[in-house]
Amino acid sequence: MIGFRVKTIREEKKMSISELSAKSGVAKSYISSLERNLQKNPTILVLEKIAEILCIKVDALLNDEAEKGMDKEWMEIMQDVMESGISKEEMREFIQFRIDLLKD
């Protein structure tokens with residue numbers, strides 16, 4: 001069922017197999033086999049790579065009941081931020097700056 005979850009979440013995010021493959025570094029044929037349940041035992045490393053690109057926890061791929069992460073609107077915002085070239089550190093600094101402003 002891991003493959004079904006990968007496919008469902010990937011499609012919810014309107015991402016192609018090719019795009020997921022390019023961003024995760026996991027072969028397109030492997031993702032396709034996984035989604036079709038031909039590959040049933042992916043390594044944790046593969047799951048981590050896929051989960052990172054889908055912005056979810058590995059648990060969401062392993063367990064139906066696991067929280068699948070942020071809602072769609074937050075995911076779109078974070079995707080825009082990532083595509084803008086802002087580094088994680090710059091994003092953290094911005095968030096901290098906003099928090100500090102709210103404290104004053």
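Guide: Start with one word: a contact means heavy atoms within 4.5 Å. The model is predicted, so local features need pLDDT of at least 70 and side-chain atom pairs need pLDDT 80 or more, while totals for chains, interfaces and linings use all residues. Residues count from 1 along each chain as its sequence is written, and side-chain values use heavy atoms, with hydrogens and water left out.

Visitor: Among contacts with a separation of 6 or more, what share joins residues 24 or more positions apart?

Guide: Take the contacts in the protein with a separation of 6 or more.

Visitor: How many helices and strands does the protein have?

Guide: Both are DSSP runs, numbered from the N terminus: helices are H or I with at least four residues, and strands are E with at least two. Along the sequence, the pattern reads α-α-α-α-α-α-α. The count is seven helices and zero strands.

Visitor: What percentage of the 104 residues is buried?

Guide: Buried means under 20% relative accessible area, exposed means over 50%, and partly exposed is in between (1.4 Å probe, protein chains only). The C-alpha atoms fill a box of roughly 55 × 30 × 25 Å along the principal axes. Of the 104 residues, the buried part is 31%.

Visitor: Within what arc do the buried residues of α1 fall?

Guide: Helix α1 covers residues 2–12, and its buried residues are Ile-2, Gly-3, Arg-5, Val-6, Ile-9 and Arg-10. Look down the helix axis: they line one face. The arc uses the directions from the axis to the C-beta atoms. It comes to 160°.

Visitor: Which helices do the buried residues of α1 pack against?

Guide: Start from that buried set, which includes Val-6 and Ile-9. Its packing partners are α2, α3 (28–35), α4 and α5 (58–62).

Visitor: Is Lys-14 buried or exposed?

Guide: Lys-14 sits in the loop between α1 and α2. Its phi is positive, about 55°, although it is not a glycine. With a relative accessible area of 66%, Lys-14 is exposed.

Visitor: Which exposed residues does α4 carry on the face turned away from its buried side?

Guide: The buried residues of α4 are Val-46, Leu-47, Ile-50, Ala-51, Ile-53 and Leu-54. They cover an arc of only 165°, which puts them on the same side of the helix. They pack against α1, α2, α3, α5 and α6 (72–84). The face turned away from them carries Leu-45 and Glu-52.

Visitor: How far apart in space are Ile-44 and Val-58, C-alpha to C-alpha?

Guide: Ile-44 lies in helix α4. It is partly exposed, with a relative accessible area of 49%. In sequence, Ile-44 and Val-58 are 14 residues apart. In space, their C-alpha atoms are separated by 8.3 Å.

Visitor: Are α2 and α4 roughly parallel or roughly perpendicular?

Guide: Axes are lines fitted to C-alpha atoms, for helices over the stretch in contact, and angles run from 0 to 180 degrees between N-to-C directions. Helix α2 (residues 17–24) and helix α4 (residues 44–54) have axes that come within 9 Å and cross at roughly 110°. Angles under 35 degrees count as roughly parallel, over 145 as roughly antiparallel, 65 to 115 as roughly perpendicular and the rest as oblique. So α2 and α4 are roughly perpendicular.

Visitor: Which residues make the contact of α2 and α4?

Guide: By class, this contact has four nonpolar, one polar and two charged residues. Here Ala, Val, Leu, Ile, Met, Phe, Trp, Tyr, Cys and Pro count as nonpolar, Asp, Glu, Lys and Arg as charged, and the others, Gly among them, as polar. From α2 come Leu-20, Lys-23 and Ser-24, and from α4 come Lys-49, Ile-50, Ile-53 and Leu-54.

Visitor: Are α2 and α3 roughly perpendicular or oblique to each other?

Guide: The axes of α2 and α3 come within 9 Å. They cross at roughly 125°. Therefore α2 and α3 are oblique.
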